[in-house]
Amino acid sequence: MLARHTDPIVAIATAPGRGAVGIVRVSGKGLGALVETLCGRALRPREASYLPFRDAAGQAIDQGLALYFPAPHSYTGEDVLELQAHGGPVVLQLLLARCLEAAAGADPATGQPCLKGLRVAQPGEFTERAFLNDKIDLAQAEAIADLIDASTEAAARSASRSLSGAFSAEIHRLRDALIHLRMLVEATLDFPEEEIDFLTKADARGQLSNLQQTLAAVMQRTRQGALLREGIKVVIAGQPNAGKSSLLNALAGAELAIVTPIAGTTRDKVQQTIQIEGVPLHVIDTAGLRDSEDEVERIGIARAWDEIAGADAVLFLHDLARWDAPEYRAADASLASVMAQKLPASVPVIDVWNKLDCVAADTPLPALTPQALRLSARTGTGLEALRRILLEVAGWQSAPEGLYIARARHVEALQAVDAHLMEAAAQLLSVSPALDLLAEELRLAQNALSTITGEFTSDDLLGVIFSSFCIGK
């Protein structure tokens, strides 16, 4: 454990700004002297006490509730003191400064500092302490941040399930099955002279097959959980005046982008996150793609191509009202060709034929491919079909009960487990299996699995994960 992990820490635990209540939180070993200095007396564990918070001169900073949680029965697993005051930024800064001042002051009973080394916490450090003190595992720690950051109800509920340990329980079941299989392989390696084929008698092939099937189910739910958290980036592209801004407004249900008949109205990207069945979609309206002499518009068009290059899916808008014009169709075909060259084959391009309301009922319409549709951004016709296609493109399936939140790193770890198990299966199914290689693949699979819950995790990864948390959490 690093030295900083043993320092006592303090921080304002509520969001910046003004509110009815604000909290200053202290965590460390042996907070008794600091509690008496700040509160004027000892506090009963886990019992709220209403009292004045005084400065060094004895003047009241504020009055509020003080709660003391002795270790190990606290959020961090250490002694924790929470001071709940009025939520003004000045009051909370005064309380924070008073905690640091009181910690450096002498304890009347010993003459030593009340709490030596108290410092302001780094982002996520309280939750990091909870992880290091085995109050939660790493997946649960990440779920705390995901619950705070959830942008949809479905994401919040799934994060809550991960925080309760549902995702971790799945990982532990996979790990236990892996450990049992490793035990059989190691036993065969350790006692070859016994001429007992542990692997055949224990049906190692069947166990590995069951493990792979279980892993596949967990991977599917994890991908869905990661989708709930991350969402997908959808870029609306096309020629000027194809209705891109109108479509963004229709999907968002608000007038976010300016809509005019003037070509080139949109000069920069306009982004809005919407949700469909709880899945966040980050929809970006871009400048119309064409050759332009206007310097500002050219910058906007360059940015549009940058957004298209980084998209998870592209809505390519075509203007039905101008489809009869040969020059428009030629420009459209040219754009489609450039887009095909710039985009990876894995990025789906959905052809959207807009302005259905502007063509007569008997007008011949372009044939539709499987991932294409006609709609009217103005009237809303076809929008529901577009939402369904976007969910399909995202890979979303109707959320099963008990779906948990997940992150991209969880998906990557499970993919690594799957790759190692495939190598292990190849060894196990060969005529002359190399048991030492089989054992190594199973070990690597277990290590990859353990990175999810933090049982096999580098300090660098912990630093990256917890630095994304808010201060005081």
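**Helices that cross**

Q: How do the axes of helix α9 and helix α12 lie to each other?
A: The axes of helix α9 (residues 244–252) and helix α12 (residues 383–394) come within 11 Å and cross at roughly 85 degrees. Axes here are lines fitted to C-alpha atoms, for helices over the stretch in contact, and angles run from 0 to 180 degrees between N-to-C directions. This is a predicted model, where local features need pLDDT of at least 70, side-chain atom pairs need 80 or more, and totals for chains, interfaces and linings use all residues. Residues are numbered from 1 along each chain as its sequence is written, and side-chain values use heavy atoms, leaving out hydrogens and water.

Q: Why are α9 and α12 called roughly perpendicular?
A: Angles of 65 to 115 degrees count as roughly perpendicular, under 35 as roughly parallel, over 145 as roughly antiparallel, and the rest as oblique. The crossing is at roughly 85 degrees, and therefore α9 and α12 are roughly perpendicular to each other.

Q: Which residues of α9 and α12 meet?
A: Leu247, Ala250 and Leu251 in α9 meet Leu383, Leu386 and Arg387 in α12, where contact means heavy atoms within 4.5 Å. By class they are 5 nonpolar, no polar and 1 charged. Nonpolar covers Ala, Val, Leu, Ile, Met, Phe, Trp, Tyr, Cys and Pro, charged covers Asp, Glu, Lys and Arg, and the others, Gly among them, are polar.

Q: What makes α8 roughly antiparallel to α13?
A: Helix α8 (residues 204–230) and helix α13 (residues 408–429) have axes that come within 9 Å and cross at roughly 160 degrees. That makes α8 roughly antiparallel to α13. Their contact has 17 nonpolar, 4 polar and 4 charged residues.

**Strands that pair**

Q: What makes β8 and β12 edge strands?
A: An open sheet of 6 strands runs in the order β8-β9-β7-β10-β11-β12, with mixed pairing. In it, β8 (270–276) and β12 (372–374) each pair on one side only. Strands count as paired if DSSP finds at least two bridges between them; the elements are DSSP runs numbered from the N terminus, helices being H or I of at least four residues and strands E of at least two.

Q: How do you know that β10 and β11 pair?
A: Strand β10 (residues 313–319) and strand β11 (residues 349–354) share 6 bridges in the parallel sense.

Q: In what sense do β4 and β5 pair, and over how many bridges?
A: Strand β4 (residues 60–69) and strand β5 (residues 79–87) pair in the antiparallel sense over 5 bridges. Ala66 stands opposite Leu83 in β5. Helix α1 (residues 32–39) lies across β2 (19–28), β3, β4 and β5, at about 20 degrees to β5. These strands belong to an open sheet of 6 in the order β3-β4-β5-β2-β1-β6, also mixed in pairing.

**A charged pair**
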